[in-house]
Amino acid sequence: MGSKSRRRRIRGVLVAVCTGVVPAAAAAQSSPIDRIEAIERQIKNLTGELQHLKNELGEAKRQLKQSRDEAQRSKEEARQAREAADQARQDAVRAPTAESQAAQAAAQAQAAAATPPAAVAASEGVTVSMPRGRPTIATADGRRSLALGGLMQFDMGGYFQNVNPNTEFPHLNNGVNLRRGRLYFLGTFDDFTANITPDFGDRPDGVVSLFEANVNYIGIKPLTFTVGYYHPWVSLDDATNPANELFLERPGIVNVYRRLAAGIARASLGANAATEDYFASVYLTGPRFGAQQPTLLNGEQLGLVGRLAVRPYHDDDWNLHAGVSGQMVFRPNVTANGIPGVSRTTLDFGVDAELEIDFNELVNTGSLSASGANAYGGALGASWRNFLVMSEYYQINVNQSKLPGLPSPTLGFNGVYVDLAWVLTGEPIPYDITRAAWSRPKPLHPFSLGDGGIGAWEIAARYSALNLDSNVIPGVPQSVTGGVYGGQQQVASLALSWYPNDWLRFILQFQHTNVNKLNSAGTVQIGQHFETLAARAQAAW
């Protein structure tokens, strides 16, 4: 009995122990499995996150590489832009007399930096390109090149005259004229350049003439040394490229002023310095090309030309200009067959009505027996974005050389003009530092029927006055006073210009001209007043 009871107690204890141990063991066994599964889930999640991070890192690396590539391309484009701008400035300085598109070269090179001129063909170290539309052949190292530029201006128009019975020129010509037909040949040889420019147009056209033929050295910046037939710029308007003039012709006083010792195809020896802030030049000058025709000379003119222009302030919107210049003629051309005091050494001044369709000089001094002359004056100008105003005044003094006993006072002539311009389509009017003068606007939207571009449109107004009367009294003959009735001329002009693109231009111009001139006796009015209407088609590259 006791043993059975004891066995029952033992079995109860075993049952109780098993009852407690088995669940504990089961719990102990299931807990690591759960932890392992949880860890596996965490590892799986971490693996997914790691893959996601790898993907993000790969994308970041790709974007970084792309950014580096874009930065490298931007750096390369900036380098090319600087090189293109520097080369353009050098080209403009190397061709200081090629009155063409080189006047705005640096600005155009920077604007075209995104697509720098690429070589069209390359063979054996030679490249062919067309920077600014100018065909250019160059060696691969850029040390030697040959460029061809051009300027064509075809004018047409007429005069609506109001004459009196004594008018000096009662029948002015209505018609056409090739005002300029220039081909600019520019050769570059290391730090030397050579320019030769024949001109198939003139006043009037029909005879091929010469615009320039010179050699230049540009190895010392910012200087350009020149020798040969050249155009030494002697005023603000005179320095303006003829393709960029606001009107068909320069103001009367500018044409008279530069006629003294400057002007185109003038034998010259000198230098100029051009920077962003100033322009300075000085030249020893001689006769113009062709001075030995039709009569041979026995001594050639000797003169001096100097100009200084500054930009006291300039930024992205503003350009302020101030300049002074002067000329001296130490000795006019000498004709030994001429009569001393009458025709041996002479100077003459005259100008048409600022329109080269008729070529009569409506105000003119005739041939003046002179021993020398001097001239001086200044210019002021300002531009703000698409607006421009500029003005110049010049004085010319002539030392007469007459026969003994005849009155020979110093003669004085003068003139002034004011120009205004407004680009209706908003393009800025750029300033050309290589000339210290303004250039023409660059169309933001070149004319295109497909794209709807209208080009650039500009209106301009001018008033100019010229006085070639000196030492005269109305009613008294000029032989008595020793003066000259050269005449006075006032011209009011309006012009509308259309620039379809960078190379073409069309101009429509209206003028009212008044000429007040007495005959040599000072008793009869031989002047007149009239209106003109004219147009020009132009191509420049």
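**View 1. Glu 354 sits in the loop between β13 (346-351) and β14 (363-384).** Strands are DSSP runs of E with at least two residues, helices are runs of H or I with at least four residues, and both are numbered from the N terminus. The phi angle of Glu 354 is near 60°, a positive value in a residue that is not glycine. Is Glu 354 buried or exposed? It is buried, because its relative accessible area is 2% (buried means under 20%, exposed over 50%, and partly exposed in between, with a 1.4 Å probe and protein chains only).

Before you move on, a word about the model: it is predicted, so local features need pLDDT of at least 70 and side-chain atom pairs count only at pLDDT 80 or more, while totals for chains, interfaces and linings use all residues. Residues are numbered from 1 along each chain as its sequence is written, and side-chain values use heavy atoms, with hydrogens and water left out.

**View 2. Arg 462 belongs to strand β19 (residues 456-470).** With a relative accessible area of 4%, Arg 462 is buried. Its side chain makes a polar contact with the side chain of Asp 419 at 2.8 Å (a pair of N or O atoms within 3.5 Å; within protein, one must be able to donate a hydrogen and the other to accept it, and residues adjacent in sequence count only if both atoms are side-chain atoms). The side chain of Arg 462 also reaches the backbone oxygen of Glu 249 at 3.0 Å. Look for Glu 354 from View 1 here too: it is one of the residues that Arg 462 touches (contact means heavy atoms within 4.5 Å).

**View 3. Ala 492 lies in strand β20 (residues 484-499).** Which residues does Ala 492 touch, not counting those up to four places away in sequence? They are Arg 462, Phe 510, Gln 511 and His 512. Ala 492 and Arg 462 are 30 residues apart along the chain, and their C-alpha atoms are separated by 5.8 Å. Ala 492 is partly exposed, at 36% relative accessible area.

**View 4. Met 390 is part of strand β15 (residues 387-400).** Met 390 counts as buried because its relative accessibility is 5%. Beyond its neighbours within four places in sequence, its contacts include Val 418, Asp 419 and Trp 438. The C-alpha atoms of Met 390 and Val 418 are separated by 5.9 Å.

**View 5. A cis peptide bond joins Lys 221 and Pro 222, with omega about 0°.** You can find Pro 222 in the loop between β7 and β8 (223-230).
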